[in-house]
Amino acid sequence: MGEPASPPSRRDGDLAPPAGQLPWDDIRIFNAIAVGGSMAVAAAQLGLSEATVARRLKGFEAELGLQLFTREANRLVPTSAGTELAAEAALVEAAARRFAIRADAARPKDNAPVRITATTSISLLLTMNATAISQAAGGVEIVIISTRNRLDLSRGEADIALRMTRVPSEPGHYAQKVGRLMQALYVRRGVDPATAPIISVNRETSSRIDDHIMAYAAGRPIAARVGDSAARYESIRSSGALSMAPCFMGDADPSLRRLAPPPEQTGDDIFLVSHDVSRRRPGVAAVLGALRKLFKEQQARLAGRTAGSDQ
């Protein structure tokens, strides 16, 4: 039997890995080819020449003693061994991406604003108390991102999240219950609730709130469905509609009256969520502390426990 072929020699600038270890760059190139399906796509993604990608793949296969791809119709298709190793390579790539994110978050940034993502109703509460939050955090600038989309804290899309459902369970996330958001039925003072137009919500937003409003309506027609709770509050206040709104908004408005105590089944727990990628930043830690203080102070309003609300 002949001697096994030696892998191509490395060019200047190619670091030789320690004995028994594989170079991360070669794994990254292999992963890019497996994901993109061709050397050209991988080269474009990595900012390398196609010749370099081909050379590195050939050397990597020789080093492993495995064929990783077969060529089919102008596309590189992983072999059975290549498929198994591609799954591992994807994990290596994800770990390298987390490493880069952590390194970026660890770099000191003077006066870096702290980005807080929340739904519209909670964003309104934050906006009402924005200066107090900033002052309690030592003057840190905060950015309030009002959206129903779930921004990814692990990818740095936001620094802090206030969520009421589907708290992340992935490693690195921290979640603390800081309150409960209750909603109740309101109508504008002077408006007869028996004849006021009724506004409910689309069931994709909250089937629990829709069920409660429909039960109250008892067959009366629904004039509209509005998913945003702050918009429902405005429809009660401005157009004389009857609907559900967060208690911290409705109870604070003297022009509105609450028709009944907030039903427990329509309430939502509020969770303060952060990630260890950013929570080590002094500014983020300070804002987290300020938010805990705010929600502790606002617990009664959020829960609708204000005196004389139901009239």
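Author: The model is predicted. Its open sheet is built from 3 strands in the order S10-S7-S11, with antiparallel pairing. Strand S10 (243-246) and strand S11 (256-258) are at the edges and have a single partner strand each, so one side of each has no neighbour in the sheet. From one strand to the next, the twist averages 55°.

Strand S7, residues 183-188, is joined to S10 by 4 bridges, and the two run antiparallel. Within this pairing, Ala184 stands opposite Ala245 in S10. Helix H8, residues 229-239, packs on the sheet and touches S7, S10 and S11. The direction of H8 makes about 25° with that of S7.

The largest pocket has a volume of about 540 Å³. It is lined by 29 residues, and the closest to its centre are Thr119, Arg148, Met164, Thr165 and Thr205. H8 is one of the elements that supply at least two residues each to this lining; the others are strand S3 (114-118), helix H5 (120-128), strand S5 (160-163) and helix H7 (207-217). The most comes from S5, which gives 3 residues. Sorted by class, the lining of the largest pocket has 12 polar, 9 charged and 8 nonpolar residues.

H5, which contributes to that lining, also packs against helix H10, residues 282-297. The angle between H5 and H10 is about 100°, and their axes are 12 Å apart. H5 and H10 are therefore roughly perpendicular to each other. On the H5 side the contact involves Ile122, Leu125 and Leu126, which meet Leu291, Leu294 and Phe295 in H10. By class, this contact of H5 with H10 has 6 nonpolar residues, no polar and no charged ones.

A further helix pair is formed by H2, residues 39-46, and H3, residues 50-64. These helices pack at an angle of about 110°, with their axes 8 Å apart. That angle makes H2 roughly perpendicular to H3. H2 brings Met39, Ala40, Ala42 and Ala43 to the contact, and H3 brings Glu50, Val53, Ala54 and Leu57. By class, the contact of H2 with H3 has 7 nonpolar and 1 charged residues, and no polar ones.

Terms used
Residues numbered from 1 in each chain as written. Predicted model: local features only at pLDDT ≥ 70, side-chain atom pairs only at ≥ 80, totals over all residues. Heavy atoms only, no water. Pairing = 2+ DSSP bridges. Axes fitted to C-alpha atoms, helices over the stretch in contact; angles between N-to-C directions. Contact = heavy atoms within 4.5 Å. 1 Å grid on protein atoms, 1.4 Å probe; cavity = no way out; pocket = protein on both sides within 12 Å on 5 of 7 lines; lining within 4 Å. Points joined across faces, edges and corners; volume = space filled by probe spheres on them. Nonpolar A, V, L, I, M, F, W, Y, C, P; charged D, E, K, R; others polar. Parallel < 35°, antiparallel > 145°, perpendicular 65-115°, else oblique.
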